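Keep the 3D view open as you read.

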Amino acid sequence: MNIIDRYLWKSVLVGLAMAWFALTLLVVFFDFIGESGDLNENYNSLQAFIFLLYSIPSRLYELFPTSMLIGTLLGLGTLAANSEFIAMRAAGISVGNIIFSVLKVGVILVGLVFLMGEYVVPKADLAGRNFKSSLSNKNIVMTQGASLWIKDQNRIIHIGQVWSEDKLTDVTIYTLKSDYSGLESQTHVETITSSDQGWEMSATTEQTFSKAGVDTQFLEKKVDANLLNPKFISIASVQPEQLSISELSELIEYQQSNNLNTDKLKLAYWKRFSAPFSALVMLFLAMPFLFGSQRGGGAGQRVFIGIIAGIAFFLINKVLNQLGSVYGVTPLLSAFSPALIFLGISIITLQRIR
């Protein structure tokens, strides 16, 4: 790493830190305003603030691409305004070399943020949801992988997989004796779905324990209107974007083995890879603004352009993802198409720079 690399890297890192901190602080502030609607005697302002602290890793991950664009414009914009890029090019350093130097630090940052999204974000999100749910109900505990433990009077319920508020799989119900001296029965249900009549249980195996032995009964279908409180399931249900790559892979494999639709899961899976790629594209997108108009405009103008470009990318990304789901576009193409579009725009614009 030479002097130029260190100089450029320092400028990018300082600008990124400023933009990342400002955007995260702004989003968390609006999240706090949104949480204020849930405040009650069991959930005060301090607890809401603690809950939002758990969400910071997720916000940092989501805002990284936009922060990369704004931070690069902010950090390197001063160099462009002071004609330092002109001096570098006069010294024999080409535009390509400058871009390559900046991309090197971008790759390192993307790798670190990717690891954060894979290992830190899911655990922090899980801890936050457990913290909030414990304030309103002490008998519910969520574990990694969308698994759920619920204590309901003399019953302990383990839900292996919470697919949504209307579908649960691999459910085991342990019923204790009234004096809590032992286990009265154990019921395993393969699938539970919500219906108008209540909770519909499929493939139920019930084992009742007594002094005479174990009585086993199998039922293909069974309906229980009071099996679970829907509020518990609402708390525990997670979005695919909140799961790690390994968890998404397991869910996709499970859905495919049961001939179920996996487009939503596959889209979330590929977005975990397209998000780091998008951050590099955002960094690359900043280059035409820096080299195309080195003497015109100040830092405020460049940051404003970055915000507009970042918002445009965010909206286009959301729209194309949704359109892809509606019109049957492959999840891989839906996940990467917005970044590829902006990458094409960046390349075309850079080629026009003389």
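## Cavities

There are 3 cavities of 30 Å³ or more. A cavity here is a set of points, on a 1 Å grid over the protein atoms alone, where a 1.4 Å probe fits but cannot get out. Points are joined across faces, edges and corners, and a volume is the space filled by probe spheres set on the points. Please keep in mind that this is a predicted model: local features need pLDDT of at least 70, side-chain atom pairs count only at pLDDT 80 or more, and totals for chains, interfaces and linings use all residues. Residues are numbered from 1 along each chain as its sequence is written, and side-chain values use heavy atoms, with hydrogens and water left out.

The second largest cavity has a volume of about 60 Å³. Which residues line the second largest cavity? They are Asp263, Leu267, Asn321, Gly324, Ser325, Gly328, Val329, Pro331 and Ser334, where lining means having an atom within 4 Å of a point. Helices α7, α8 (299-326) and α9 each give two or more residues to this lining, and α8 has the largest share, with 3 residues. By type, the lining has 3 nonpolar, 5 polar and 1 charged; Ala, Val, Leu, Ile, Met, Phe, Trp, Tyr, Cys and Pro count as nonpolar, Asp, Glu, Lys and Arg as charged, and the others, Gly among them, as polar.

## Aromatic pairs

The structure holds 8 aromatic pairs. Rings of Phe, Tyr and Trp (its six-membered ring) pair if their centres lie within 6.5 Å; planes under 30 degrees apart are stacked, over 60 edge-to-face, and the rest tilted. One of the pairs is Trp270 with Phe273, tilted at 50° between the planes and 6.0 Å centre to centre. Both residues sit in helix α7 (residues 263-292), 3 residues apart, about one turn of the helix. Ring pairs also join Phe114, Tyr269, Trp270 and Phe273 into a cluster.

Trp270 is partly exposed because its relative accessibility is 30%, a class between buried (under 20%) and exposed (over 50%), with a 1.4 Å probe and protein chains only. Phe273, at 31%, is also partly exposed. Phe277 and Phe336 form a tilted pair, with ring centres 6.0 Å apart and planes at 50°. This pair links distant parts of the chain, 59 residues apart: Phe277 in helix α7 and Phe336 in helix α9 (residues 331-351).

## The whole chain

The protein chain has 9 helices and 7 strands, taken from DSSP runs (helices H or I, at least four residues; strands E, at least two) numbered from the N terminus. Of its 354 residues, 43% count as buried.

Conventions. On a 1 Å grid over the protein atoms alone, a cavity is a set of points where a 1.4 Å probe fits but cannot get out, and a pocket is an open set with protein on both sides within 12 Å along at least five of seven lines; lining residues have an atom within 4 Å of a point.
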